[in-house]
Amino acid sequence: MKKDIETKIAVFPMPVLMIAAYDESGKVNVMNAAWGMISAEDKIALFIDEDHKTTKNIRAVKAFTVSLADAKNIAVADFFGIATGNKMPDKFERSGLHAVKSAHVNAPIIEEFPVVMECELAGVFLTMTMTGANVEAAKISAQ
Ligand SMILES: Cc1cc2nc3c(=O)[nH]c(=O)nc-3n(C[C@H](O)[C@H](O)[C@H](O)COP(=O)(O)O)c2cc1C
């Protein structure tokens, strides 16, 4: 028997993805994204707001990296999710992390994060059959 609870995003835990991209002048910016996932063996899908600096950079440069942050970088990962490169041009420099250019794509690799995916933009809208849904209700087991 399940009981109703307030509407929740019940897909949990979410990943902590660090999305890094250059702007058109080659300046590094990084944001934190929880709404991202594997969408095929060689594909990743990200759900990022249009007004983020990172989104603008990805649209302009068409490449980015996605890193997995680890526990020792929790504070800086949080910072990347709170500060915006739109208002803080030196956001990445303030983080104290280090970036090198990927040999595969025109995007920065953040040296301190242990795992990175080097990505070319496949498309901004539909790259597959994508189904969007509003979560109208949620339930949890009573025990
Ligand atoms: C834990 C966490 C997860 C986040 N996940 C997302 C996300 O999946 N999509 C999104 O658009 N913004 C997400 N954000 C918000 C952006 O990281 C935040 O707005 C950031 O300032 C954008 O940076 P930028 O403008 O420099 O690109 C998240 C923030 C935090 C703290």
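Which residues have the most contacts inside the largest nonpolar core? Select Met18, Ile19, Ala20, Ala21, Val30, Phe64 and Ile110: they have the most contacts inside this core, which has 25 residues. A nonpolar core here is a set of buried Ala, Val, Leu, Ile, Met, Phe, Trp, Tyr and Cys residues joined through C-beta atoms within 7 Å. Buried means that 20 or more other C-beta atoms lie within 10 Å of the residue's own, with C-beta atoms placed from the backbone.

The model is predicted: local features need pLDDT of at least 70, side-chain atom pairs count only at pLDDT 80 or more, and totals for chains, interfaces and linings use all residues. Residues are numbered from 1 along each chain as its sequence is written.

**Whole chain.** Color by secondary structure to see three helices and 10 strands. Helices (H or I, at least four residues) and strands (E, at least two) are DSSP runs, numbered from the N terminus. Of the 143 residues, 26% count as buried.

Go back to the core and select strand 2 (17–22), strand 3, strand 6 (63–68), helix 2 and strand 8 (108–110), the elements that give two or more residues to it. Strand 2 provides the largest share, six residues. Next pick Ile110, which touches Met18, Ala20, Val30, Ser67, Leu97 and Ala99, leaving aside residues up to four places away in sequence. Contact means C-beta atoms, placed from the backbone, within 7 Å.

Show the open sheet of four strands, with order 3-2-6-9 and antiparallel pairing. Two strands pair if DSSP finds at least two bridges between them. Strand 3 and strand 9 (115–120) are the edges, each pairing on one side only. From one strand to the next, the twist averages 25°. Zoom in on strands 2 and 3, joined by six bridges; Ile19 stands opposite Met31 in strand 3.

**Helices on the sheet.** Helix 1 lies across strand 2, strand 3 and strand 6, at about 50° to strand 2. Helix 2 lies across strand 2 and strand 3, at about 95° to strand 3. Axes are lines fitted to C-alpha atoms, for helices over the stretch in contact, and angles run from 0 to 180 degrees between N-to-C directions.

**Ligand.** Finish with the 20 residues around the ligand, of which Trp35, Thr54, Gly81, Thr84 and Gly85 come nearest. Near means a C-beta atom, placed from the backbone, within 6 Å. Strand 3 (28–33), helix 1 (53–61) and helix 2 (74–82) each give two or more residues to this shell, and strand 3 gives the largest share, four residues.

Terms used
Buried ≥ 20, exposed ≤ 12 C-beta atoms within 10 Å, placed from the backbone. Contact = placed C-beta atoms within 7 Å.
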